Amino acid sequence: MQKLQQTFEYEYYDDISQLNPADAALLQAARAVTGQAYAPYSNFRVGVVMRLANGEQVSGTNQENASFPAGICAERTALSAATVLYPDVPIETMAISYNNLLGNSGDPISPCGICRQSLAEYEQRLHHPIRLILSGQSGSVWIIPAAGQLLPLSFSASDMA
Ligand code: THU
């Protein structure tokens with residue numbers, strides 16, 4: 001028997017002022033785009049803005065539905081938009097923020113399980129890590145070097161080969 005371990009490192013910043021200008025601008029845009037979410041049921045508005053390898057920015061917000069399971073998270077809305085607009089262009093960095101109308105928004109959130117699975121496959125398909133910048137409307141910021149690190153031992157297409 002062997003015991004194996006998987007760990008990952010990520011960066012912690014006290015606030016947006018400690019980020020480089022490009023990352024700060026992306027996070028600021030993600031904070032702002034939460035205003036375009038359609039979240040009348042949860043009142044939890046999530047905003048994503050991504051910087052692609054070609055320099056373009058693509059955004060996404062969560063889109064809910066009266067038939068609750070039909071709703072989609074901001075991360076997967078953004079991935080769908082990117083793959084339609086720029087099918088073969090890797091995503092360099094994705095900033096994720098939220099506006100919690102029911103409470104505060106001072107701590108980072110990280111993507112849900114389904115979004116982690118989708119992010120991991122996008123990375124694999126385009127052979128490029130997706131760096132994540134996570135923060136609320138204010139407060140601390142986490143930077144994860146590659147989204148797939150949030151889903152260790154994940155199931156992927158290669159398992160079906
Ligand atoms: N949501 C996202 O858009 N992204 C996340 O990472 C977590 C959750 C959305 C789904 C739903 O519309 C609302 O937030 C509450 O779960």
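This is a predicted model: local features need pLDDT of at least 70, side-chain atom pairs count only at pLDDT 80 or more; totals for chains, interfaces and linings use all residues.
The ligand sits in the largest pocket. Around the ligand are Ser 42, Phe 44, Val 46, Asn 62, Glu 64, Cys 73, Ala 74, Glu 75, Ser 110, Pro 111 and Cys 112. Sorted by class, this shell has six nonpolar residues, three polar residues and two charged residues; Glu 64 and Glu 75 are among the residues listed around the ligand. Two elements of secondary structure, strand 2 (44-52) and helix 2 (74-85), each supply at least two residues of the shell.

On the side-chain part of the protein, an N or O atom of Asn 62 is 2.9 Å from an oxygen atom of the ligand. Ala 74 takes part through its backbone, with an N or O atom that lies 2.9 Å from an oxygen atom of the ligand. As for the surface of the ligand, 370 Å² is exposed when the ligand is taken alone, and the protein buries 75% of that area.

Attention now turns to the charged side chains of the protein. Two salt bridges are found when the whole structure is searched. One of the salt bridges joins the side chains of Asp 23 and Arg 51, with an N to O distance of 3.2 Å. Asp 23 belongs to helix 1 (residues 21-33) and Arg 51 to strand 2, so this pair ties together parts that are 28 residues apart in sequence. Strand 2, which holds Arg 51, is also one of the elements that supply at least two residues of the ligand shell.

Conventions: Residues are numbered from 1 along each chain as its sequence is written. Side-chain values use heavy atoms; hydrogens and water are left out. A residue is near a molecule or strand if one of its heavy atoms lies within 4 Å of it. A polar contact is a pair of N or O atoms within 3.5 Å; within protein, one must be able to donate a hydrogen and the other to accept it, and residues adjacent in sequence count only if both atoms are side-chain atoms. Accessible areas come from the Shrake-Rupley method with a 1.4 Å probe; for residues, only the protein chains shown count as cover. On a 1 Å grid over the protein atoms alone, a cavity is a set of points where a 1.4 Å probe fits but cannot get out, and a pocket is an open set with protein on both sides within 12 Å along at least five of seven lines; lining residues have an atom within 4 Å of a point. A molecule sits in a cavity or pocket if more than half of its atoms lie within 2 Å of its grid points. Helices (H or I, at least four residues) and strands (E, at least two) are DSSP runs, numbered from the N terminus. Ala, Val, Leu, Ile, Met, Phe, Trp, Tyr, Cys and Pro count as nonpolar, Asp, Glu, Lys and Arg as charged, and the others, Gly among them, as polar. A salt bridge is a side-chain nitrogen of Lys or Arg within 4 Å of a carboxyl oxygen of Asp or Glu.
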